[in-house]
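Let's take a walk through a protein together. Keep the sequence and the 3D view open, and try to find each spot as we get to it.

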Amino acid sequence: MGAALVLVLAGTTAVVVAARRPALAGSRPGLRAVVVATGGCAAAVGLVAGLGAFAVASHPLRPATGNGVSARLDVVVTADPRPVRSTVPGPGRVVVRGELLGGQVGAGVPWRAGGRVVLLAPAEDWAGLLPGQVVSARGRLGPPDRADLTVAVLQVRGPPGEVGPVPRVQRVAGDLRGGLRDAARAVLAEDPAGLLPGLVVGDTSGVSPGLADDFRTAGLTHLTAVSGTNVAIICGAVLLLARLARAGPRTAAVLAALALAGFVVLVRPSPSVLRAAAMGGVTVLALAVGRRRSVVPALCAAVIVLLLVDPGLATDPGFALSVLATGALVLLAPGMVARWRARGVPPGIAEALAVPVAAHVVTAPVIAGLSGEVSLVAVVANLLAAPVIAPVTVLGVLAAAVAPWWAGGAEALVWLAGPGVSWLVWAARRCAAVQGATLAWPGGVPGALALAAVVVLVGAALRWRRLRAVVAAVLVGALLVLVPTRVVPPGWPPARWSLVACDVGQGDALVLATGEPGRAVLVDVGPDAGAIDGCLARLGVRSLALVVLTHLHADHVGGLAGALAGRAVGGVALGPAREPADTLAQVTRRTAPARAPLVGLGRGTVLRWPGLMLEVLGPVRTVAHVDGEDGSAVNDTSVVLRAHTPVGRVLLPGDAERSAQSSLLGTAGDLHAEILKVPHHGSRSSLPTFLTAARASLALVSVGRGNTYGHPNPGVMGLLAGSGALVRRTDESGDLAVAVGADPRAGPVVVARGDPRPDPRRR
């Protein structure tokens with residue numbers, strides 16, 4: 001409410017001052033109109049947000065959300081169900097957003113009222129719902145965890161009660177979107193196949209969690225959300241074709257309007273899509289009329305109309321980003337292009353540079369306030385992505401349009417878009433793999449205002465010729481100092497390294513050097529493709545003799561695509577247990593493009609390479625089938641290895657817990673090793689006798705900083721330290737390397753790369 005009041009006062013003040021003082025316009029005609037329109041828009045946003053917040057606070061359902069009571073809600077589904085990301089084994093769940101029609105709390109009297117609600121429901125029963133369907137849900141009420149206009153959250157356990165029919169428009173959209181997904185899966189590798197529907201129609205259901213994280217870190221998340229840019233690309237392509245066909249302005253406008261209507265149907269006529277259509281329409285209007293200042297009132301008018309249609313947009317961060325990006329494209333980008341052309345930049349390159357730079361500069365303060373971090377690679381990532389966005393979008397839309405009637409034609413169009421999509425995957429991974437790709441920044445409104453002030457000051461300084469050289473020198477100096485130390489820190493990798501525990505967040509990934517330069521054995525790959533790819537690239541690993549996946553949990557196998565990317569792989573090894581089945585299917589899909597055979601490992605197997613030998617010690621008990629939803633049971637199927645390296649023996653127990661550890665103690669005989677990879681990220685699920693059985697002098701803990709599981713357990717860390725072991729953790733030190741020291745008789749040395757991955761929100 002306070003922020004809304006500030007917006008109302010600030011916007012009203014701007015309008016009054018501009019109206020009473022025409023001299024504000026000065027010698028620049030139209031400036032007063034811009035100020036009035038912008039101030040009125042800000043006041044409208046604040047007024048709508050304030051009224052919406054008051055309506056939510058006084059909603060009849062609101063008092064019951066703090067008591068955890070059961071309720072029945074009748075809702076209209078407003079968006080496609082989205083999966084809830086989790087590395088904890090168990091049934092999948094989805095987030096279903098809807099608009100209230102009515103309901104009943106406990107045994108009370110049924111009521112009817114509107115408002116936004118969120119349902120957390122089982123994926124098996126709810127994932128197939130489509131927007132526009134009316135459903136009845138029973139569950140337990142809870143308060144929303146976001147400061148938007150959501151009235152309540154309903155925790156649903158069973159299937160929906162009454163399910164209404166699918167509206168015809170949504171059914172057509174579902175068929176088109178499904179055809180695009182099928183064509184992408186038939187032609188492209190897993191990650192590009194999942195990404196293409198996200199780029200074209202905002203369908204991110206097939207985007208892997210690791211790739212989604214890489215896009216966020218690289219500042220490319222906006223590409224997977226339908227925005228005004230998508231609309232501008234489609235309408236711009238139609239206008240270009242109309243111009244080439246020498247069609248008149250009215251004909252071109254009608255064709256663009258038809259294309260816009262068809263695109264809205266394709267990506268679903270939801271509030272966010274209608275918002276994108278409005279923003280894209282404003283951008284096309286700016287291109288058509290060629291008068292940037294006159295577009296600002298049109299943009300503000302579109303904002304006010306959208307707020308009247310859907311007041312919830314007033315608190316939607318995506319709405320703010322879309323409006324700011326549209327304003328940047330029509331106001332800042334053309335000026336940048338003109339100035340850069342005047343300095344000799346070729347026309348095509350000038351436009352390609354100006355669009356992502358303008359959009360990023362204007363939206364960066366909002367993103368910083370929301371995420372509490374600033375991406376240092378976002379501009380570069382967007383510059384790399386810019387050349388392929390338009391052709392990929394157009395080809396994807398055409399593929400979706402023909403897919404229901406001509407599968408072969410859709411696959412051909414997807415094949416043409418494939419190199420562009422693969423380029424985006426590569427760019428996101430490479431940019432996200434840069435250590436220190438993000439810089440911590442204060443969150444919330446203060447952080448957003450602080451970064452906005454920095455942007456304004458830098459922009460003002462660059463306009464003064466005397467300060468321009470100083471600012472440029474400071475930026476170049478910072479780049480020369482910061483970039484080399486962040487991308488390739490001095491002394492990394494250390495000479496004669498034998499073992500590296502990669503910092504992959506909350507997961508495991510350990511690299512064992514062979515006697516052949518550039519070739520290694522990898523045990524587990526962590527949860528994210530970008531993290532393990534970056535670690536291997538920094539170590540100079542160009543080929544993998546073997547990749548061992550100790551067990552099929554996401555925090556150990558999720559990054560497989562990144563490990564295999566661009567590297568020759570001798571094989572991917574699994575233990576005797578092959579559960580959960582869906583994770584095994586993912587592994588199979590990711591190994592096929594790399595032509596990496598799947599091989600089995602059993603107890604007693606010995607593998608040798610120059611300078612490295614692996615013994616398979618477990619699992620002792622071979623289980624034909626385990627319940628994939630039982631996390632402990634899957635952990636106890638972990639492949640247990642002992643590596644013989646130049647720095648000594650290394651015990652690698654995966655995530656083996658008490659039952660598997662007890663079996664190893666009873667039957668595996670001597671477990672002695674100089675180095676212990678602490679099982680299960682240092683959790684309390686280990687036997688003290690197992691932790692001390694190795695009599696290790698060094699204990700490595702692979703764990704994510706700020707994880708929500710309480711790993712590592714303080715008691716376990718105290719036990720290891722009390723046994724005389726040196727304990728080192730990736731959440732404190734980043735990548736950890738164990739290398740042969742200058743004096744081999746003095747034992748190995750441990751070298752920390754530093755700068756651990758700051759990502760407490762992931763797990």
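You'll find W415 in helix α14, which covers residues 407-432. Helices here are DSSP runs of H or I with at least four residues, strands are runs of E with at least two, and both are numbered from the N terminus.

A word on what you're looking at: this is a predicted model, where local features need pLDDT of at least 70 and side-chain atom pairs count only at pLDDT 80 or more, while totals for chains, interfaces and linings use all residues. Residues are numbered from 1 along each chain as its sequence is written, and side-chain values use heavy atoms, with hydrogens and water left out.

Now zoom out. The protein chain has 25 helices and 24 strands. Of its 763 residues, 50% count as buried. Take the contacts (heavy atoms within 4.5 Å) between residues at least 6 apart in sequence: 70% of them join residues at least 24 apart. The accessible surface, worked out by the Shrake-Rupley method with a 1.4 Å probe, where for residues only the protein chains shown count as cover, comes to about 33900 Å². Carbon and sulfur atoms own 64% of that surface.

Back to W415. Together with V187 and L416, W415 makes a nonpolar surface patch of about 320 Å². Patches are built from residues with over 30% relative accessible area and no salt bridge; like charges are joined within 9 Å, and nonpolar side chains (Val, Leu, Ile, Met, Phe, Trp, Tyr) within 5 Å.

What about nonpolar side chains on the inside? In soluble globular proteins, nonpolar side chains tend to be buried together. A nonpolar core is a set of buried Ala, Val, Leu, Ile, Met, Phe, Trp, Tyr and Cys residues joined through side-chain atoms within 4.5 Å. The largest one here has 46 residues, and L196 and L424 touch the most other members. Several elements give two or more residues to this core, including α4 (168-187), α5 (190-201), α13 (378-402) and α14. Click on L196 and look around: leaving out residues up to four places away in sequence, L196 touches L180, A184, L188, V392, V414 and V421. There's also a second, separate core of 32 residues, and among its members are I532, C535, V541 and A737.

C535 forms a disulfide (a pair of cysteine sulfur atoms within 2.5 Å) with C502, and their sulfur atoms are 2.0 Å apart. The pair links distant parts of the chain, 33 residues apart: C502 sits in the loop between β9 (497-501) and β10 (510-513), while C535 belongs to helix α17 (residues 529-539). Why is this disulfide called left-handed? The torsion about the S-S bond is about -70 degrees, so the disulfide is left-handed. Both cysteines are buried.

A salt bridge is a side-chain nitrogen of Lys or Arg within 4 Å of a carboxyl oxygen of Asp or Glu, and the structure holds ten of them. In one, the side chains of R567 and D533 meet at 2.9 Å, N to O. D533 is in helix α17, and R567 is 34 residues away in the loop between α19 (560-564) and β13 (568-569). R567 is buried, with a relative accessible area of 10%, and D533 is buried too, at 1%.

Another salt bridge pairs R538 with D735 at 3.0 Å, N to O. R538 counts as buried at 15% relative accessibility, and so does D735 at 2%.

For our last stop, find R729 and E732, whose side chains meet in a salt bridge of 3.5 Å, N to O. At 52% relative accessibility, E732 counts as exposed. Salt bridges that share partners join R729, D731 and E732 into one network.

How values were computed. Buried < 20%, exposed > 50% of the residue type's maximum accessible area, 1.4 Å probe, protein only.
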